[in-house]
Amino acid sequence: MSKAFTKESDNDDDDEAAALALAIPPGSKNYITPAGYQRIKDELLQLIDVDRPEVVRIVHWAASNGDRSENGDYIYGKKRLREIDRRIRFLTKRMDLAEVVSPSVHHGSDQIFFGATVTYSNAHGEERTVTIVGIDELDPLKGKISWISPVARTLTKAREGDTVTLHTPNGVEELDILEVSYPAPAQE
């Protein structure tokens with residue numbers, strides 16, 4: 001059968017959530033910073049309050065035009081509506097699984113935990129700064145790495161001045177921890 005005639009699965013987001021859930025170590029929670037949680041919440045509210053009602057309005061208008069089988073606005077609108085609904089379900093599940101942890105609780109500590117910003121150097125003297133965040137907020141290009149990544153796992157619980165051993169596909173690499181910092185607690 002041609003792929004053009006197959007029904008899209010409504011469980012695509014379940015597959016995506018299952019894949020991300022597999023990445024979380026068994027018995028662990030889905031840790032996330034307050035800022036990361038707020039970004040997910042903002043996206044969810046944008047989808048529910050703005051994007052979805054607009055698409056529903058367009059689909060309603062397109063449906064009132066008659067023949068739906070060749071109505072591009074109707075067909076695209078229904079597809080977009082399914083995508084929005086899938087994303088809403090996914091974000092809702094991620095928020096339900098989230099364990100919000102404020103990195104500022106460790107402010108002033110030199111030991112590495114979730115939320116730490118760490119500067120380290122390798123054997124070649126190359127320095128790198130990373131922030132350990134949740135899987136829903138990682139951004140390697142901005143130096144944000146997931147707390148379950150090999151680098152983060154290697155750094156966790158080490159202290160400023162320690163040397164840790166990172167096992168990579170290319171062999172073993174020694175990392176010298178130069179600096180550990182956390183954001184200051186918010187003043188009320």
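This is a predicted model: local features need pLDDT of at least 70, side-chain atom pairs count only at pLDDT 80 or more; totals for chains, interfaces and linings use all residues.
Residues are numbered from 1 along each chain as its sequence is written, and side-chain values use heavy atoms, with hydrogens and water left out.

**Stop 1: the rings around Tyr31**

Select Tyr31, Phe114 and Trp147, which ring pairs link into a cluster. Rings of Phe, Tyr and Trp (its six-membered ring) pair here if their centres lie within 6.5 Å; planes under 30 degrees apart are called stacked, over 60 edge-to-face, and the rest tilted. That rule gives two aromatic pairs.

Take Tyr31 with Phe114: this aromatic pair is tilted, at 6.0 Å centre to centre and 45 degrees between the planes. Tyr31 sits in strand β1 (residues 30-32) and Phe114 in the loop between β2 (98-100) and β3 (117-121), so the pair ties together parts that are 83 residues apart in sequence. If you wonder how the elements were assigned, helices (H or I, at least four residues) and strands (E, at least two) are DSSP runs, numbered from the N terminus.

Which of the two is buried? Buried here means under 20% relative accessible area, exposed over 50%, and partly exposed in between (1.4 Å probe, protein chains only).

Trp147 counts as buried, at 14% relative accessibility.

**Stop 2: along helix α3**

Time for charges. A salt bridge here is a side-chain nitrogen of Lys or Arg within 4 Å of a carboxyl oxygen of Asp or Glu, and the whole structure has eight salt bridges.

Select Lys79 and Glu83, whose closest N and O atoms are 3.3 Å apart in a salt bridge. Both lie in helix α3 (residues 72-97), four residues apart, about one turn of the helix. Lys79 is partly exposed at 37% relative accessible area, and Glu83 is partly exposed at 31%.

Further along, pick Arg94, which forms a salt bridge with Asp136, the closest N and O atoms being 3.1 Å apart. Arg94 is in helix α3 and Asp136 in the loop between β4 (127-133) and β5, so this pair ties together parts 42 residues apart in sequence. Arg94 is buried, with a relative accessible area of 1%, whereas Asp136 is partly exposed at 26%.

**Stop 3: loop to loop**

Finally, select Asp110 and Arg159, a salt bridge with its closest N and O atoms 2.8 Å apart. Asp110 lies in the loop between β2 and β3 and Arg159 in the loop between α4 and β6 (163-168), 49 residues apart. Asp110 is partly exposed at 31% relative accessible area, and Arg159 is partly exposed at 37%.
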